[in-house]
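We will go stop by stop.

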Amino acid sequence: MNPRLDPLRQVRGVWVGVETAPVPAVASGHLALDRQLPGHGWPRGSLVEILTAAPGIGEVSLLLPALRRLATEKRVAFVQPPFVPYAPSLAQSGLPLERIAWIDAEGAEAQWAAEQALRSGAVSAVLYWGASLDALELRRLQLAAEGSQALLFLFRPMSALTAPSTAAVRMVLNPQQGKLRIDLLKARGGRPGVLQVDPFRRTAPPRASDFLAPATPSVRRAALT
């Protein structure tokens, strides 16, 4: 509490705002983004909703710096990804494969699996590609993340843009000149806005197969290594 505000507190009719506690967060690894996120990073125990026109535009690359940190704490779970997580690229990016869990489920089973993974306390983050979720299901996932202080990254199509959301952070991703344009629609405790980041740091943007590969038998075995 700031002692310089004490005289104001004695004046009748003057309201002095209470200083809020800092938001526990994991740095995103992108300075421009951290400046606008609550707690200067991905807020722990929160639902982060990421909207894209199509999967594989760099959404996993955007999260990699944080995932490397989170994987040192507990497991990171991939739930219902549009492609099989490609183990060689994940390992090359610095993610320990023994800390990656791929949950091969669909629909209601995937939603249940994501919620149970969060409630288990065994994961530090869940990446869940969930297209059709209602308000009650979103709320359940949000509460599960809050209860375990894990991060839930929820990837949804642009058709969900007009749907109500309980997310603490909500953003739209679009490719832009080999980088990613981020429309930060909602950042509870942060600053919404538009920015551009380069999660690739190379000459060409990634393909979907860089981290998520087609579900062929050989790749499926590699993903489970």
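Start with helix H5, whose buried residues pack against S4, strand S6 (100-103), S7, H6 and S8. This is a predicted model. Those buried residues of H5 are Ala 110, Gln 111, Ala 113, Ala 114, Glu 115, Ala 117 and Leu 118. Colour them as one set.

Now check the length of H5. Its end C-alpha atoms are 20 Å apart. The helix has 14 residues, which at 1.5 Å a residue should span 20 Å, so the two values agree.

Select Glu 115 next. Glu 115 sits in helix H5. Is Glu 115 buried or exposed? Its relative accessibility is 3%, so Glu 115 counts as buried, the cut-off for buried being under 20%. Leaving aside residues up to four places away in sequence, Glu 115 touches Arg 140, Leu 141 and Ala 144. Then step just past the end of H5. There Gly 121 takes a positive phi of about 80°.

Move to helix H6, residues 135-148. H6 has 14 residues. From first C-alpha to last, H6 reaches 20 Å, close to the 20 Å expected at 1.5 Å a residue.

Which residues of H6 are buried? Select Leu 138, Leu 141, Gln 142, Ala 144, Ala 145 and Ser 148. Turn the view to look down the axis of H6. The buried residues fall within an arc of 160°, so they line one face of the helix.

What do the buried residues of H6 pack against? Show S3, helix H5 (107-120), strand S7 (123-129) and S8: these are the partners.

Colour the lining by type. The lining of the second largest pocket divides into nine nonpolar residues, three polar and one charged.

Where does the lining of the second largest pocket come from? Strand S3 (47-52) and strand S8 (151-157) each supply at least two residues. S8 gives the largest share, three residues.

Now go to strand S9, residues 169-176, and pick Pro 175. Pro 175 has a relative accessible area of 56%, so it is exposed, the cut-off for exposed being over 50%. Beyond residues up to four places away in sequence, Pro 175 touches Ile 57 and Leu 180. Pro 175 and Gly 58 are 117 residues apart in sequence, yet 8.1 Å apart in space, C-alpha to C-alpha.

Select Gln 177, in the loop between S9 and strand S10 (179-187). Its phi is near 55°, a positive value in a residue other than glycine. At 75% relative accessibility, Gln 177 counts as exposed.

Last, select Gln 80. Gln 80 lies in the loop between strand S4 (75-79) and strand S5 (84-85). Gln 80 is not a glycine either, although it has a positive phi of about 55°.

Terms used:
Residues are numbered from 1 along each chain as its sequence is written. This is a predicted model: local features need pLDDT of at least 70, side-chain atom pairs count only at pLDDT 80 or more; totals for chains, interfaces and linings use all residues. Side-chain values use heavy atoms; hydrogens and water are left out. Helices (H or I, at least four residues) and strands (E, at least two) are DSSP runs, numbered from the N terminus. Ala, Val, Leu, Ile, Met, Phe, Trp, Tyr, Cys and Pro count as nonpolar, Asp, Glu, Lys and Arg as charged, and the others, Gly among them, as polar. The expected span of a helix is 1.5 Å times one less than its number of residues. Buried means under 20% relative accessible area, exposed over 50%, partly exposed in between (1.4 Å probe, protein chains only). The arc is that of the directions from the helix axis to the C-beta atoms. Contact means heavy atoms within 4.5 Å.
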